[in-house]
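Visitor: I'd like a close look at just one part of this protein, please. Pick a spot and walk me through it slowly, then show me how the rest is laid out.

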Amino acid sequence: MATLKQENEKAVRSSHFPEHGPIDERTGREILLSLKNVDITFGKGEDAVRAVQNASFDIYKGETFSLVGESGSGKTTIGRAVIRVNSLAAGEIDYKGVRISGKISHSLDREVIRNIQMVFQDPAASLNERATVDYIISEGLYNFHLFENEADRVRKVEEMVEEVGLLPEHLTRYPHEFSGGQRQRIGIARAMVMEPELVVADEPISALDVSIRAQVLNLMKKFQEEKGLTYLFIAHDLSVVRFISDRIGVIYKGKIVEIAEAEELFDFPLHPYTHSLISAIPIPDPQLEKRKVLYTYDPSMHDYSTDKPELVNIGHDHFIYGNKKEIEEYKAIRERGIPVKPIQIDETGELAGAPGGEVTADKMAEKEFLVHPTHDTGSIWYMVLSFFLPILGLIAAVLFKKFHHTRNYKQCRKGAIAGLICIAAILAIFLLLLWRVVA
């Protein structure tokens with residue numbers, strides 16, 4: 001108890017951060033942020049909800065550490081705790097080896113704000129609608145006096161605006177005058193103008209169009225390379241996370257269940273929940289996506305009644321949550337060195353039909369729709385032309401069928417058959433009239 005009290009007093013007395021954080025003896029890298037057995041609880045008594053339970057991980061300087069999981073798993077809660085918005089029920093958060101959770105000195109609190117910035121999920125809600133872009137970006141500069149004079153402030157703001165892809169004339173406008181992607185760029189500029197060391201990016205691209213997401217991600221990557229930034233990237237889209245992350249932590253209902261480097265995690269998703277997340281990544285090919293076998297995670301598969309689980313390093317800098325029996329199984333799979341395939345494709349074709357092998361009309365229509373080429377429109381003009389030129393229509397139908405233009409093929413066949421029947425009827429009537437005249 002006395003030791004804890006002394007640590008608290010030391011944290012309160014601290015007024016600044018050291019130049020460098022502690023070095024991880026295992027990896028030899030500088031630890032910028034460290035979460036140690038963090039619990040975050042909302043409410044009191046019987047209504048208390050443990051949003052985060054015993055979360056522990058380190059973020060190294062200069063890396064992108066991604067925290068992924070489904071909605072409500074506690075990702076944003078951890079991010080808000082890092083910037084001291086959410087208080088901890090237990091554990092601690094250290095920045096460069098100095099505790100920043102709980103009660104700290106006023107000067108250290110300002111250092112936290114100065115060094116740790118956040119980019120929010122909703123770019124519209126996170127910007128002051130009554131303030132101009134100039135003031136929004138300059139607010140941190142004003143609060144911390146990070147400029148020598150007015151000319152210096154204007155220079156810094158204009159340079160930052162241009163770096164995020166906007167123009168100086170945008171500074172006099174208000175947030176509602178911009179698109180979602182532009183608003184997110186303003187949010188990034190507001191954070192980056194403070195020259196932080198750590199940026200907490202809380203799903204910064206989930207509210208943006210797909211065409212804009214790559215631009216924002218490339219912008220964040222550019223800042224990281226130029227300024228040596230460290231990111232805590234919060235997301236649920238694993239297909240994006242894979243290509244921007246150095247390491248990934250997977251969180252399920254407030255518990256960290258797996259931590260590994262990006263490629264290591266995708267090659268060896270050992271925890272069943274990680275397996276289920278990766279299996280849910282959409283496949284661009286609609287035929288393969290239709291035959292994909294989804295893996296559903298069932299937490300009741302674990303028996304933790306006697307053998308309690310913990311987060312263990314099984315080698316290859318791969319941490320996984322489980323009891324002793326599970327850890328041994330995970331180790332055996334990893335040591336085999338054969339990548340795990342979480343995405344399975346059904347090769348039997350049974351998934352294309354209804355239960356029992358019966359293929360319904362809806363399934364057949366859906367399957368037919370998915371295989372249509374781009375120009376297989378089934379235009380009525382194919383039927384009209386085939387009606388008047390049935391021989392050419394039959395030739396066109398054969399060609400369309402060969403190249404899987406099903407709709408065009410049906411229109412040509414229908415028109416050609418109708419045309420041939422009409423010609424046959426006219427010919428029959430003509431022959432009948434000719435026979436009567438001759439008779």
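Guide: Let's begin with a word we'll need a lot: two residues are in contact when they have heavy atoms within 4.5 Å of each other. Count the contacts between residues at least 6 apart in sequence, and 67% of them join residues at least 24 apart. Keep in mind that this is a predicted model, where local features need pLDDT of at least 70 and side-chain atom pairs count only at pLDDT 80 or more, while totals for chains, interfaces and linings use all residues. Residues are numbered from 1 along each chain as its sequence is written, and side-chain values use heavy atoms, with hydrogens and water left out.

My pick is a pair of helices. The protein has 16 helices and 14 strands; these are DSSP runs numbered from the N terminus, with helices (H or I) of at least four residues and strands (E) of at least two. Find helix 15 (residues 390-402) and helix 16 (residues 406-438): their axes come within 8 Å and cross at roughly 155 degrees. An axis here is a line fitted to C-alpha atoms over the stretch in contact, and the angle, from 0 to 180 degrees, is taken between N-to-C directions. Angles over 145 degrees count as roughly antiparallel, so that is the label for helix 15 and helix 16. The residues making the contact include Pro390, Leu394 and Phe400 of helix 15, and Tyr409, Cys412 and Ile423 of helix 16.

Now zoom out. Buried residues (under 20% relative accessible area, with a 1.4 Å probe and protein chains only) make up 42% of the 439 residues. A nonpolar core is a set of buried Ala, Val, Leu, Ile, Met, Phe, Trp, Tyr and Cys residues joined through side-chain atoms within 4.5 Å. The largest one has 55 residues, and Ile137, Phe223 and Val250 are among those touching the most other members. Apart from that core lies another, of 33 residues, including Met118 and Phe319.

Those last two also lead us to strands. Met118 sits in strand 6 (residues 116-119), where Ile116 and Met118 on one side and Gln117 and Val119 on the other are all buried. Strands pair if DSSP finds at least two bridges between them; strand 6 runs parallel to strand 7 (residues 198-202), joined by 4 bridges. Phe319, in strand 13, is the bridge partner of Asn313. Strand 12 and strand 13 form a hairpin with 5 residues between them, and Gly315 in the turn has a positive phi of about 100 degrees.

Key:
Buried < 20%, exposed > 50% of the residue type's maximum accessible area, 1.4 Å probe, protein only. Parallel < 35°, antiparallel > 145°, perpendicular 65-115°, else oblique.
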